[in-house]
Amino acid sequence: MKKLHVFSGLRDFFVLWGSQTLSSLGTAMTNFALIIWVYGQGGTASSITSMTICSFLPTILFRFIAGTFADRWDKKRIMLVSDLLAACGTLTILLLHALSSLEIWHLYVINFLLSLMNSFQVPAANVATGLLVPQEQYTRVSGLQSFAGSVVSILAPALGSVLLALGGLNVVLLFDLVSFAVAFLTLLFFIQIPDGQQGGGQVPEPFWKSCMEGIRFLRNNAAVWRLILFFAAVNFLAKLGNDGMLPPFVLGKTDGDQNALGLVQSAVALGILAGSLFVTLMRPAKRKTTAIFVSCAITFLTGGVMLGLSGSLPLWMAASFASYVPVAILGANLTVIMRTRVPVQLQGRVFSARDTIQNGTIPLGLFLGGVLADYVLEPFMGTPSPVQQVLSSLFGTGKGAGIAVLFFIVGSLGAVMSIVALRNPLYRELD
């Protein structure tokens, strides 16, 4: 019997994956450049976290219904329309900046609209991937997707800094639009997504009832439901801590040095790259929930506790790298659990319900992180007191010291929460 190649059955996936990765690189470079631009205008943690909040709100408000569209409608058409409208948002930013009319509130509005399109694009892309990929390749594909994300994260700060230096924000935005055009045309002309509908000829159930199907499926699977609620808590802590507050932390500590932020973000991406390669090349974990909870605990310890106690750029890079290696392992195993547990005809709705629940805590985490940094911890660490002197010996002084304290607190809480979940026997049925 002929042995199958390790990447057997993935030709169409590779074509789609490559073009979408290029588009993601353009988007990531734009996001990096806009963070630098916004911080230069406002100089506060809240100015950055507010922009990120606008990027998450549509995910919470609209992805719940977007999953039903992804299951009912043509996936390719949804992806094409969503990407085209998102490109119009980038073009609007380019025109406003070229006319010297761009303001921070414009970015809040446009980010909201871009994320709205993403709310429809992501469920369709998730279902499309499940249709294009053989089930035995799910773990490997998850690793490849994480690998692409890490490569994008490595290149985006470096290329973004180069283009900012050579031509400013306009050049970065133009690159983003060109990368979009390549991805759009590739999907339009070279990718055929199979029809995943089952039960043809049946009368479709009412739209709202169909939307609720994702919630019903999760509630009827107790272990999966508890796992989703666990990650809602994880996302809250992550955005309250280093995942949401890393840019203002580094920029505050380095007096707005974009190169330092780029190096730290590249270290994050290298960590995801290393974890993705591990997932792609090694055998799948037998006990996936153990891999998930142990990885989560390591992430909080290194990205929270270790990063908060670190006082220099090399140490920030080391802590960031160490914290994101397990993130890729965690994400791949979580994806495999969901793909193997959820029927393909329900994946759009179930994945969207999952994203709505998990991401529902993110804006609150970002908001509280910005408020605690700007109005509580940063002022406290800048005012001499006995407690401040003790904390300064651990977390340093000046801008960014209060955020370092926040990292330490969040990292400790997250690690404890992960260890408690690891000991819960309910999750073992998912293995």
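The model is predicted. It holds ten aromatic pairs. Helix 15 spans residues 386-395 and packs through its buried residues against helices 9, 11, 14 and 16.

**Helix 15**
- Gln 388, Ser 392 and Phe 395 are buried in helix 15. They share one side of the helix, because they cover an arc of only 85° around the axis.
- Pro 386, Gln 389, Val 390 and Ser 393 lie on the other side and are exposed.
- The packing partners of the buried residues are helix 9 (242-253), helix 11 (288-309), helix 14 (362-381) and helix 16 (401-422).
- Gly 396 follows helix 15 and has a positive phi, near 85°.

**Asn 235**
- Asn 235 belongs to helix 8 (residues 222-240).
- Its relative accessible area is 17%, under the 20% limit, so Asn 235 counts as buried.
- Leaving aside neighbours within four places in sequence, Asn 235 contacts Gln 358, Asn 359, Thr 361 and Ile 362.

**Aromatic rings**
- Phe 13 and Trp 17 are stacked, with ring centres 6.0 Å apart and planes at 15°. Both lie in helix 1 (residues 11-42), four residues apart, about one turn.
- Phe 249 and Trp 316 pair edge-to-face, with centres 5.3 Å apart and planes at 65°. Phe 249 is in helix 9 and Trp 316 in helix 12 (residues 313-341), so the pair ties together parts 67 residues apart in sequence.
- Phe 249 is buried at 0% relative accessible area; Trp 316 is buried at 4%.
- One aromatic cluster is formed by Phe 230, Phe 231, Phe 293 and Tyr 427.

**Charge over a ring**
- The charged end of Arg 354 sits over the ring of Phe 351, 4.7 Å from the ring centre.

Methods:
Residues are numbered from 1 along each chain as its sequence is written. This is a predicted model: local features need pLDDT of at least 70, side-chain atom pairs count only at pLDDT 80 or more; totals for chains, interfaces and linings use all residues. Side-chain values use heavy atoms; hydrogens and water are left out. Buried means under 20% relative accessible area, exposed over 50%, partly exposed in between (1.4 Å probe, protein chains only). Helices (H or I, at least four residues) and strands (E, at least two) are DSSP runs, numbered from the N terminus. The arc is that of the directions from the helix axis to the C-beta atoms. Contact means heavy atoms within 4.5 Å. Rings of Phe, Tyr and Trp (its six-membered ring) pair if their centres lie within 6.5 Å; planes under 30 degrees apart count as stacked, over 60 as edge-to-face and the rest as tilted. A charge sits over a ring if NZ of Lys or CZ of Arg is within 6 Å of the ring centre and within 35 degrees of the ring normal.
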